[in-house]
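Please look over the sequence and the model first, then read the points below.

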Amino acid sequence: MTTAQHSEKTITLRSARRASLAGGVGTLIEYYDFSVYGFLTLTIGPLFFPSDNPTVSTLSALAVFASSYLIRPLGGWFFSRLGDRRGRRAALVATIVMMGVACGVMGLLPTYGQIGVAGTIAIVVVRLTQGFAAGGEIGGAATYIAELAPPGKRGFYGSTVSMGSTLGFAVAAGVVGLVRLLVPADQMATWGWRIPFLLSLVLTVVCLRARLRVEESPQFQELKEKAAIVRSPMLAALRSHPLSVARVAGLAIAFNGTGYFGVAYFAIFLQEEGFSATGVAWTSALCIALATLTYPWAGKLTDRYDRRPILLASYIIFAVIAWPVFALLIAATSLWAVGAVYLVFMFFTGWAQVPAWPLATELFPASVRYSGIAIGYNLGVIIGGITPLVAAALVAGTGSRTSPVYWILAVALIGVITVARLPKTASKPLPA
């Protein structure tokens with residue numbers, strides 16, 4: 001190997017690692033910002049949606065959590081257009097700034113008790129702004145990392161996208177748990193709930209620094225040099241690759257529809273089962289964090305055996321363990337038992353999520369990759385993202401605490417249908 005070749009290989013690996021780190025850390029902070037709301041739902045509900053019935057306040061707060069997903073396709077269109085026309089780096093910087101500022105603003109909002117219905121309207125607007133920013137984040141990070149990853153290692157390097165998004169929930173749970181531990185219970189609803197939101201401003205500055213240091217994607221630079229930039233990338237993706245868009249949507253439904261039980265709904269479910277909010281927050285944080293440590297291994301598996309078998313295995317496993325998981329959580333009397341069940345469930349979310357992101361990038365050419373992933377994912381995540389609301393509504397409507405199992409079975413079936421006839425992609429070069 002010549003010196004030039006050795007230098008080129010070193011630069012490529014360094015760039016891949018830097019891209020993987022910047023993408024993963026950015027996604028972590030983005031999903032921290034997005035998920036803090038979920039872990040504070042039972043506190044925020046009465047403050048912004050007061051009602052004589054606590055269930056109504058909780059469902060109202062969860063409805064706002066779910067509503068932020070409805071605007072994600074619009075955010076996906078805006079930021080993916082920016083990413084496919086102006087560059088991946090510019091889009092990823094813009095998403096993190098918007099999300100961080102919105103999260104900080106949420107921590108400063110006056111409540112219903114202070115300014116009446118204007119407080120309720122304000123939190124809905126800020127939550128929609130977060131959804132708009134989130135619509136362009138994770139698909140952009142997946143695109144950027146895949147375009148800089150070494151051949152045959154897109155699953156391994158791309159696992160940081162799933163690690164970042166999932167760890168964002170763990171960090172949010174941990175911060176909320178720490179705040180609950182340090183702030184007196186009677187002060188939590190007064191001012192303590194604001195701290196996790198305001199902390200995001202500091203985290204955003206850290207992430208922004210990392211993203212400003214990364215280089216532009218080589219595939220995008222090549223498109224620019226060849227004057228091959230597509231004028232309307234999302235329309236081009238829908239016209240030329242409709243099946244790929246549908247497949248990304250199906251993947252998003254499946255891994256969000258199962259994963260959001262672990263990262264969002266279980267915390268609410270366990271508190272309603274009588275466990276302390278602080279204990280649940282710490283248990284959630286620990287189990288989610290431990291599970292994500294296995295995600296790079298899932299990435300290596302999917303690079304070696306391809307995406308399809310790992311994804312199919314995850315959907316089948318979720319269908320099999322769904323009812324036992326709920327039954328065990330209901331029967332559990334200690335957080336140690338809860339943690340064991342929680343950890344097993346979160347372990348398999350890696351199998352469902354990690355292969356999905358490199359697969360999504362392999363379904364589109366570079367000119368419409370960001371847009372194709374963004375529209376497919378954000379359409380699918382609307383269904384997957386309403387999981388906490390659907391689960392709570394099923395329990396409230398049926399009176400059965402195990403009724404959310406039917407939702408897991410439904411989204412797992414969608415996953416099976418989505419990947420049943422997928423070709424092998426892991427060993428092939430990323431489409432130019």
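## Briefing

Valine 179 counts as buried because its relative accessibility is 8%; buried means under 20% relative accessible area, exposed over 50%, and partly exposed in between, with a 1.4 Å probe and protein chains only. The model is predicted: local features need pLDDT of at least 70, side-chain atom pairs count only at pLDDT 80 or more, and totals for chains, interfaces and linings use all residues. Residues are numbered from 1 along each chain as its sequence is written, and side-chain values use heavy atoms, with hydrogens and water left out.

**Overall form**

- The chain has 21 helices and zero strands; these are DSSP runs numbered from the N terminus, where helices are H or I with at least four residues and strands are E with at least two.
- Along the principal axes, the C-alpha atoms fill a box of roughly 70 × 45 × 40 Å.
- Of the 432 residues, 59% count as buried.
- Among contacts in the chain with a separation of 6 or more, 87% come from residues 24 or more positions apart; contact means heavy atoms within 4.5 Å.

**Surface and charge**

- The accessible surface comes to about 16800 Å², and 68% of this belongs to carbon and sulfur atoms. Accessible areas come from the Shrake-Rupley method with a 1.4 Å probe, and for residues only the protein chains shown count as cover.
- The chain carries 32 positive and 17 negative side chains, and the centres of the two sets lie 6 Å apart. Lys and Arg count as positive and Asp and Glu as negative, while His and the chain ends are not counted. Each charge is placed at NZ of Lys, CZ of Arg, CG of Asp or CD of Glu.

**Aromatic pairs**

- The structure holds 25 aromatic pairs. Rings of Phe, Tyr and Trp (its six-membered ring) pair if their centres lie within 6.5 Å; planes under 30 degrees apart count as stacked, over 60 as edge-to-face and the rest as tilted.
- Phenylalanine 255 and tryptophan 357 form an edge-to-face pair, at 5.7 Å centre to centre and with 65° between the planes. Phenylalanine 255 lies in helix 13 (residues 242–272) and tryptophan 357 in helix 18 (residues 356–361), so the pair ties together parts that are 102 residues apart in sequence. Both phenylalanine 255 and tryptophan 357 are buried.
- A cluster linked by ring pairs is made up of Phe261, Tyr265, Phe266, Phe269, Phe318, Phe326, Tyr342 and Phe345.

**Buried residues**

- Valine 179 lies in helix 8 (residues 154–182). Apart from neighbours within four places in sequence, valine 179 is in contact with Met188, Gly192, Ile195 and Pro196. From valine 179 to proline 365 there are 186 residues in sequence and 45 Å in space, C-alpha to C-alpha.
- Phenylalanine 364 is found in the loop between helix 18 and helix 19 (369–385). With a relative accessible area of 0%, phenylalanine 364 is buried. Apart from neighbours within four places in sequence, its contacts include His241, Ser244, Val245, Val248 and Pro431.
- Aspartate 306 sits in the loop between helix 15 (295–305) and helix 16 (307–331), and counts as buried at 7% relative accessibility. The phi of aspartate 306 is near 80°, a positive value in a residue other than glycine. Most residues other than glycine have a negative phi.

**Exposed and partly exposed residues**

- Tyrosine 406, in helix 21 (residues 405–419), counts as exposed at 62% relative accessibility. Tyrosine 406 and leucine 394 are 12 residues apart in sequence, with their C-alpha atoms 9.3 Å apart in space.
- Alanine 340, in helix 17 (residues 335–353), is partly exposed, with a relative accessible area of 45%. The C-alpha atoms of alanine 340 and alanine 281 are separated by 15 Å, and the two residues are 59 residues apart along the chain.
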